[in-house]
Amino acid sequence: MTSCIFCQIIEGSIPSAKIYEDEHVYAFMDIMPVTKGHVLLIPKKHVENIYDFTEEDAANFFARAPKVANALKDYFKPAGLNLLQNNGAPAGQTVFHYHLHFIPRYDETDGFDLSTWQTKQNEWTPDQIQELATNIRTSLEA
Ligand code: 5GP
Ligand code: ZN
């Protein structure tokens, strides 16, 4: 039996509050919601993080994201919606089966705080940022 808790949720050996399932994805309520309606969308195929997707697996997975987003929009009528996901423990990943968080937002008092996300734009000049872009583009084209 797999040791991955999200694979076990897909198999049904760990219970979950499912909202949607098809051949490629499974969507369910987060057990520790940060706002009302916090949902996780996961691929049925076990991939650890964003780096592990093939293009085909990614296409099958991300094609479902608007469906889940619209279901939450219709049901909860939130003022906004954050889509977040963490890759690697230093980035906050705690379950190592890829998952996309859907976090409905209600107002500034809904308890979900992204205010620590502060720009460090003064640490790099526009030329340095342009150079980073050139280097990344070159490595993508290699
Ligand atoms: P991460 O920190 O890896 O981005 O997020 C993992 C998420 O999975 C957390 O929000 C956590 O509440 C959720 N989670 C962990 N274990 C379970 C579980 O057994 N059932 C459900 N429904 N959610 C879980
Ligand atoms: Zn898994």
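Helices (H or I, at least four residues) and strands (E, at least two) are taken as DSSP runs and numbered from the N terminus. On that basis the protein has four helices and five strands. The model is predicted, so local features need pLDDT of at least 70 and side-chain atom pairs count only at pLDDT 80 or more, while totals for chains, interfaces and linings use all residues. Residues are numbered from 1 along each chain as its sequence is written, chains are lettered from A and ligands numbered from 1 in the order in which they are written, and side-chain values use heavy atoms, with hydrogens and water left out.

**Fold**
- The order of elements along the sequence is α-β-β-β-α-α-β-β-α.
- The C-alpha trace spans about 50 × 40 × 25 Å along its principal axes.

**Largest pocket**
- A pocket is an open set of points on a 1 Å grid over the protein atoms alone, where a 1.4 Å probe fits, with protein on both sides within 12 Å along at least five of seven lines; lining residues have an atom within 4 Å of a point.
- The volume of the largest pocket is about 530 Å³, counted as the space filled by probe spheres set on the points, which are joined across faces, edges and corners.
- Its lining has 24 residues, and Phe6, Asp30, Ile31, Met32 and Leu40 lie nearest the centre.
- Two or more lining residues come from each of helix H1 (5–11), strand E2 (25–29) and strand E5 (100–105); H1 gives the largest share, three residues.
- By class the lining has 16 nonpolar, seven polar and one charged residues, where Ala, Val, Leu, Ile, Met, Phe, Trp, Tyr, Cys and Pro count as nonpolar, Asp, Glu, Lys and Arg as charged, and the others, Gly among them, as polar.

**Ligand 1**
- Ligand 1 sits in the largest pocket, meaning that more than half of its atoms lie within 2 Å of the pocket's grid points.
- Around ligand 1 there are 16 residues (a heavy atom within 4 Å), of which Asp30, Asn86, Thr94, His99 and His101 come nearest.
- H1 supplies the largest share of this shell, three residues, and E2 supplies at least two.
- The shell divides into nine nonpolar, six polar and one charged residues.

**Polar contacts of ligand 1** (N or O pairs within 3.5 Å)
- Polar side-chain atoms of His99 and His101 each lie 2.8 Å from an oxygen atom of ligand 1.
- A backbone N or O atom of Gly92 is 2.9 Å from a ligand 1 oxygen atom.
- Of the 520 Å² of accessible area that ligand 1 has on its own (Shrake-Rupley method, 1.4 Å probe), the protein covers 85%.

Key
Polar contact = N/O pair within 3.5 Å; in protein donor to acceptor, adjacent residues only side chain to side chain.
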